[in-house]
Amino acid sequence: MIGHDRKIWALHLGLVGVLLALHWVLPIYHHTNLARIMVLAVFAMGYNIAFGYTGLLSLGHALLFAAGMYGAGLSTHLFGWSALPALGAGLLVGVVMAAVVGALALRTKGVSFMIVTLMFAQAGYLCVLYFGSITGGDEGIVIAPASRILAGLDLSAETPRYLVAWALFGAGLLGNLALVRAPFGRVMIGMRENEDRSQLLGYDPYRTKLVVTLVSGLYAGVAGAAFALMFGYVGASFATIQYSILPMLWVLLGGAGVVLGPFIGALLMFYLIDISSSYTTANLATIGFALLAVVLFAPRGILGAVRERWLPWLP
Amino acid sequence: MEGLVTSSVLALTAVGLSLVFGVMRVVNVAHGEFFMLGAVSAWFVTQAIPGPPWVSFSVALAVCPLIVAGLAAAADRMILARLNYDPEATILATIGLLYVFQQAALSFFGPDARAVTAPFSLRLQFPWFGYSGYKLFVILAAVLILSAVWWLMQRTKAGLVMRATQMDRTTAQAFGINVNRVYSSVFALGAGLAAVAAVLIVPISQAYYLMGGEPLLLAFTVVIIGGLGSLRGTLLAALLIGLSDGIVSMFFSPTLAKIIATLLVAMVLVVRPQGLFGAKA
């Protein structure tokens, strides 16, 4: 991978640049969609850091996304905070939740880890319903327009919303790139490939995975908070198992362990559902068949296959 | 009584899940959907067959598990076998199946909950309280079927072959056992057991396309507490949880009870991954 620095930075900065340029080009419908996809891609990047690079197959990331969402939503709703501190609150709640879950769940491995994270996420979802008097339960909360102004930018308007989503996406993508190219990123991959050997080399698996979980929680939390503030709604449906499955599907489809994978996966899946829903209302089946197809025929995802065949330097 | 009915249905569902995990090492996330398909197909069968309820219900009880088992065997052949039963890939695949089945039920059955009439409405009346005869029948049927499963596993050649495959897949293969066929039958058997449980319970509850989530989580709970892959532990845990479910929900609201139960199960997995009754990991 050494010697490809310029290509790598050019590719990733290029994508960020193209997405900025699209702001002036796209028709309004796709403009809103893309803003949504970029925020969801940040969530998926968090998932990719845990699953794609470190091999932590979590089935409970909805918990972290919802933690950020409710962290932001409730702080505006109950305390009347404005968007900037609310975003910070969401980020913090996401990280704290990741710390709690990670500290416990990381004591298990493999299938047990998947079930434990699934159970924690389910408990989180039930908590949202149980404390319905505060969280609004199934109906959720609509965030007041006054709380949706981030440092002077009104997130309910198209232009600032897209630009904030773009900035968040850009920061997330470049942060992700820097992380996996840093020495710590190599340790993460080492844990995925051979945990015993990495431990023998002096890296503590539990500590490494806990740090990874915190970073993953940060991405998920900030994405959840931004999603809540940008689209003005917080609801229990975002805490359901489906929102643990979706980032996994995006990452698998785009390519696990590739920095650009989550974005490509989220983009494709979003438009796959968008296009298929004009023919059929069977969206669940679209998700199901996509998941089956990826697992059966493209276990490395799209960019994973591209890296294997043509671009071995893809980080 | 209510608790025993819950326990029986839970035991059937959980034993199916436990068998699949024990023999194949596959965590079948779609297990709850096989349960749901059993209930939904029971509705279709009882609608299609004329005559008194007990006739159509008996047909449903015989046919629906077979339909579901066939479906499961096909899913195993077409999907799980191709993944070489890799634990993580199969979980992802069964999640995909879950969505496909759910959507199929939603499209063909509709979003409403529908009732199936009980085959008979006998009531055993005692001087101061009464028992629903049908609930007794559910318990009895569950005990019979579970005994049959136990007999199958412990006393027949098929059971021996399954247990051999569970212990050591490669050696079993070396002794001429068609491991792939064993896996298909176990997967079908597991799904069939879930479907039987669903057909039995559907006159008491209702058929609904999202009904698979609850039994899935409960069955997971049972299997985990009983020890992954241990049949005896699974039965004990089903009894324990079915009975305590009623008692706990008297003191707490059902949602709070579920939260506590879910967290407890997660903690069991963290602290004692072999389960409360499991002997070794």
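Which residues in helix 9 of chain B meet which residues in helix 11 of chain B? In this predicted model, where local features need pLDDT of at least 70 and side-chain atom pairs count only at pLDDT 80 or more, totals for chains, interfaces and linings use all residues. Residues are numbered from 1 along each chain as its sequence is written, while chains are lettered from A and ligands numbered from 1 in the order in which they are written.

B:Thr221, B:Ile224 and B:Ile225 in helix 9 are in contact with B:Ala261, B:Val265, B:Val268 and B:Leu269 in helix 11 of chain B, a contact requiring C-beta atoms, placed from the backbone, within 7 Å. These residues divide into six nonpolar, one polar and no charged, where Ala, Val, Leu, Ile, Met, Phe, Trp, Tyr, Cys and Pro count as nonpolar, Asp, Glu, Lys and Arg as charged, and the others, Gly among them, as polar. The axes of helix 9 (residues 213–226) and helix 11 (residues 254–271) of chain B lie 10 Å apart at an angle of about 35°, with axes fitted to C-alpha atoms over the stretch in contact and angles running from 0 to 180 degrees between N-to-C directions.

Chain A has 14 helices and four strands, these being DSSP runs numbered from the N terminus (helices H or I, at least four residues; strands E, at least two).

Between the chains, 31 residues of chain A are in contact with 32 residues of chain B. Helix 5 of chain A gives the most to the side that touches chain B, with 14 residues, and that side of chain A has 25 nonpolar, five polar and one charged residues.

Terms used. Contact = placed C-beta atoms within 7 Å.
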